[in-house]
Amino acid sequence: MKNVYFLLVVLIFSISVVVQAQPPQAFNYQGLARDGSGAPLTNRAISLRLSVLQGSLGSIVYQETQNMTTSKLGVFSVEVGNGTSQLGQLQGVNWGLDEYYIQTEMDPDGGTNYTLLGQAQLLSVPYALYAGEAASANNLWQSNGTGIDFNDGNVGIGTSSPDSKLSIEGDDPLGDDRIYVELNNKSTSNRSVVILNLRSGNGNGSTSLQHLSNSYDFDGDTYTDFGVLSSTGRGVIMRADDPDGVLKFLTRGNETIPVERMRLTRDGNLGVGTESPVSRIQVTDGDVFIENINKGVIMKSPNGNCWRMTINNDGSVNTTAITCPN
């Protein structure tokens, strides 16, 4: 009867590694199946569920199932990595990160009613796989005159299925772990700046995102410790493509967190001091200050003529006919 078998297993590891031209990789794993009385389960069709654990009490990083028939001595042999994957991929395990263990479960009748047999630490096998990964990587990363280059596929950090030339993924709700890319020029010279440069096509134009250091002193302190978005092309486009998209401009001032000072809405209304302007320009809780006495507000009359409104010394309004701006 099925419940008679209180299964024991003797784990016998081979340090050989099955390395193919491309992933997946695999390592040989042998065991001896016995029943509750210690007698080998000979010539018997069994099923295994094999799991790779990160740490002795760690989480499962890879799991597969395999079906096989034991030998006349009760021995079974499998290649871990070539079974039916239930979780993850063996080539996705970072063998150099931690200690790893293999957990074995078995159904003596070849089904899916698995019984836990135990765990054993993986020693030389993962390191051989790790070396195999390094050798495989060396086939993709090549050195050149100025550094190294990657010549096949996409690169993924935090993902095994990158969908762009470089994909970085994570799940970091708080703290500095949310910084996925950092560029840091540690020079303290008076021209120290770090630049992320973007180019396209065969022209000379480029757009850059920069940060100038606190020691940068070109033109006094005009640019010291400033972030800059600049382009040597025709200009810079700021877009909010969502149907309800807006452009917000925030500064901190005396507040503990930055506060919105100006907004351009989806309808093209510009609000200063308001988040919901109802005209092309709306100023809330502030003044519009025109200092030059020869400048003012230009308005076009219904007949198409243009007039500049300025103020006289006695506060009266003066209108002057001018050529309409182009």
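Let's start with the core. The largest nonpolar core holds 22 residues, and Leu48, Val80 and Trp95 touch the most other members. Six strands each supply at least two residues of this core: β2 (26-34), β3 (45-54), β4 (60-69), β5 (75-80), β7 (100-107) and β8 (115-122). β3 gives the most, with four residues. The general background: in soluble globular proteins, nonpolar side chains tend to be buried together.

One caution before I go on. This is a predicted model.

What does valine 80 touch, once residues up to four places away in sequence are not counted? The list is Gln25, Ala26, Phe27, Tyr29, Leu50, Tyr62, Glu64, Gln66, Leu90 and Ile102.

Next, the overall numbers. The protein has one helix and 22 strands. There are 326 residues, and buried ones make up 23% of them.

Leave out neighbours within four places in sequence, and valine 193 is in contact with Asn185, Gln210, His211 and Leu212. Look at the histidine 211 pair. Valine 193 and histidine 211 are 18 residues apart in sequence, yet their C-alpha atoms are 5.7 Å apart in space.

Glutamine 210 was on that contact list. Glutamine 210 belongs to strand β14, residues 207-212. Again leaving aside neighbours within four places, glutamine 210 is in contact with Val193, Val194, Ile195, Phe226, Gly227, Val228 and Ser230. With serine 230 there is a side-chain link: a polar contact of 3.0 Å joins the two side chains.

Last stop, the surface. A nonpolar patch there is formed by Tyr180, Val181, Leu183, Leu196, Leu198, Leu209, Leu229, Val236, Met238, Phe249 and Leu264. Together they have about 1000 Å² of accessible area. Methionine 238 counts as exposed, because its relative accessibility is 54% and the exposed class is over 50%.

That's the tour. Questions welcome.

Technical notes. Residues numbered from 1 in each chain as written. Predicted model: local features only at pLDDT ≥ 70, side-chain atom pairs only at ≥ 80, totals over all residues. Heavy atoms only, no water. Polar contact = N/O pair within 3.5 Å; in protein donor to acceptor, adjacent residues only side chain to side chain. Contact = heavy atoms within 4.5 Å. Patch = residues over 30% accessible without salt bridge, like charges linked within 9 Å, V, L, I, M, F, W, Y side chains within 5 Å. Areas by Shrake-Rupley, 256 points an atom, 1.4 Å probe, with all protein chains shown as cover. Salt bridge = Lys/Arg side-chain N within 4 Å of Asp/Glu carboxyl O. Buried < 20%, exposed > 50% of the residue type's maximum accessible area, 1.4 Å probe, protein only. Core = buried A, V, L, I, M, F, W, Y, C linked by side-chain atoms within 4.5 Å.
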